[in-house]
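Student: I have the model open. Can we go through it piece by piece?
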Amino acid sequence: MSSSQPTFNDRAALWAQLQQAPSQWDMVIVGGGIIGAGILREAARRGLKVLLLEQRDFAWGTSSRSSKMVHGGLRYILQGDIGLTRESLQERERLLQEAPGLIDRMGYYFTVRKGRFPGRVAFSLLLAFYDFMAGIRDHHFLPRADVLRHFPGIDDTGLKGACYYTDTVTDDARLVLRILQEAIAAGGLAANYVRVESLLRSRGLVDGVVAVNTQTGERVQLKARSVVNATGTWADRLRHEVNPETRVRPLRGSHLVLARERLPVHDCLTIFHPRDKRPVFAFPWEGATVVGTTDLDHRQDPDTEATISNGELDYLLEAVNDQFPRHAIGRDDIISTWSGVRPVIGSDKSKDPSKERRNHAVWVDEGLVTVTGGKLTTFRKIALDAMAAATATLGEMRITEPDQAVFGSTSISAADIGLADESRARRLAGRYGAAVMRLFEGVAATERANIGGTGFCLAECRWAARNESVLHLDDLLLRRTRLGSLLPGGGAEIFGALETICAEELHWDQARWQAELARYRDIWERHYYLPTPATG
Ligand SMILES: Cc1cc2nc3c(=O)[nH]c(=O)nc-3n(C[C@H](O)[C@H](O)[C@H](O)COP(=O)(O)OP(=O)(O)OC[C@H]3O[C@@H](n4cnc5c(N)ncnc54)[C@H](O)[C@@H]3O)c2cc1C
């Protein structure tokens, strides 16, 4: 992508285009999470005339609320899912090469304690196999003294040491945005806040969608040779128009965000929960410490953002305090929370949620391709499976090689963008790709400085407001950046600066700013902070 090209298409201009002459699309993708974005990328590189529609904001669904790990998933080996683990590890290694700064290696530790299973030998064998499948050799054993130094305040009862290995960590919402950016550069189009209401059909085949602009209420009919339903947890809803079966079992997982000073972990620690021995991670993320996840059936309306329950919150605090009793972490230490809902292909609702397999599925009903389940990590493979299913209606596609890079290469040095810190430059290049060269253009030095202990700066907020299809303040604080989850009070300290940026870049007057702030505070308090007693 040339550095002068726009990173996202102009949403308003695109909607106007959709309303004008009826046009025939090769493919319409419903859903702007990681899977929809991955399919847009693959379809655009094949020269298809392709459009992605997202009912809320890009990555608003599960893809901004995961555990942020591009990983093989050790526990899938234990469940006998060797194939999924091997494929995930291969994708992990590939993505690490392609998008450094967005996907980065992180150290993981399992403590080994006297009389507790699994012990050092069992762990080491498992990790050797894990590394072998990935083609690396990172695992080793760390003596007790090193573990105590590495995780200050950890309970030392019976502690013998820890088994170390590596996986990776990312910013899931920015991963989706970067893939969309690559897809748009290749000719794809994407619109947020456009919901697909229903399917169009003729002669027993799905051949388009009815879409509504949720900001104006206007509707359009769009004809397409192929319609792909990549709506994750919502997949059954659209599919029910052509097939009555229900296959998705929505499982909720929640996380806590704590100030790093309160729980200073520099790598990921796996805690086996004292209650049920489930693994819970405590890991460093964007300058804070994250603890998660839970895993339980989600029975609420999928259109309402998921919220952590009091039971989940207590469960996660219990795990942390079991490992770090001296820190005495309580509710007052929580900066924010988030909850996501996994679109798991459910086998049996009585089965333990954590034992459900994490594979994806592709179904074709009357020409509608539905793809759901799976993991963030394997998005590229899932997208290729969906493309293969779509060939029935698309015919032969122009580019067939499946193994092309998802991301354009961006090699810059800190000096190229006026920074002194190479690791920060690498981080920004990972997030913005070729557009990183323009990120700081004309931006005051004060906006380049990192905010608090996070890796984000106001220049990124300005960039997103100007270039990344931001419609609401929550888009900016919860997905383009993660400042709403990382700063106390949902980012209250930067509201003043953001008001100025939104006035300059989005032309929001005072009344609009106040309305956006009220909307954002309501979302944050209900779904990204502490649960009320009524939440259960
Ligand atoms: C707690 C938790 C932790 C996880 N951790 C990891 C992890 O560490 N690593 C990993 O690899 N995977 C992880 N996963 C799994 C991973 O996050 C999901 O598999 C993935 O994000 C699903 O992506 P998706 O695109 O299918 O769904 P989504 O991201 O939910 O995207 C679907 C989109 O479709 C939109 N939509 C729905 N209906 C319509 C409509 N009618 N019109 C237009 N748009 C519509 C929705 O708004 C939504 O944005 C985790 C999941 C959870 C819940």
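Student: Which residues in H7 meet H11?
Tutor: Arg 174, Arg 178 and Gln 181 of H7 meet Ala 429, Gly 430, Arg 431 and Tyr 432 of H11. Contact here is heavy atoms within 4.5 Å; helices are DSSP runs of H or I with at least four residues, strands are E runs of at least two, and both are numbered from the N terminus. This is a predicted model, where local features need pLDDT of at least 70 and side-chain atom pairs pLDDT 80 or more, while totals for chains, interfaces and linings use all residues. Residues are numbered from 1 along each chain as its sequence is written, and side-chain values use heavy atoms, with hydrogens and water left out.

Student: At what angle do the axes of H7 and H11 cross?
Tutor: Roughly 60°, and the axes of H7 (residues 172-185) and H11 (residues 422-432) come within 8 Å. That makes H7 oblique to H11. Axes are lines fitted to C-alpha atoms, for helices over the stretch in contact, and angles between N-to-C directions run from 0 to 180 degrees. Under 35 degrees is roughly parallel, over 145 roughly antiparallel, 65 to 115 roughly perpendicular, and the rest oblique.

Student: How do the residues of that contact divide?
Tutor: For H7 with H11 there are 2 nonpolar, 2 polar and 3 charged. Ala, Val, Leu, Ile, Met, Phe, Trp, Tyr, Cys and Pro count as nonpolar, Asp, Glu, Lys and Arg as charged, and the others, Gly among them, as polar.

Student: Changing topic. How many residues of H13 are buried?
Tutor: In H13 (residues 458-467), 9 of 10 are buried, including Cys 461 and Trp 463. The buried residues pack against H11, H12 (445-448), H14 (473-480), H15 (483-486) and H16 (495-506). Ser 469 follows H13 and has a positive phi, near 55°.

Student: How many disulfides does the structure hold?
Tutor: The structure holds 0 disulfides, a disulfide being a pair of cysteine sulfur atoms within 2.5 Å. For Cys 461, the nearest cysteine sulfur is that of Cys 457, 7.5 Å away. For Cys 502, the nearest is that of Cys 461, 8.3 Å away. Cys 461 is buried at 1% relative accessible area, and Cys 502 is buried at 0%.

Student: What joins Gly 292 and Thr 293?
Tutor: A cis peptide bond, with omega about 15°. Thr 293 is in the loop between strands S14 (288-292) and S15 (296-297).

Student: What is phi of Ala 59?
Tutor: Near 65°, a positive value in a residue other than glycine. Ala 59 sits in the loop between S2 (50-53) and S3 (69-70). Lys 68 is in the loop between S2 and S3, with phi near 70°.

Conventions:
Buried < 20%, exposed > 50% of the residue type's maximum accessible area, 1.4 Å probe, protein only.
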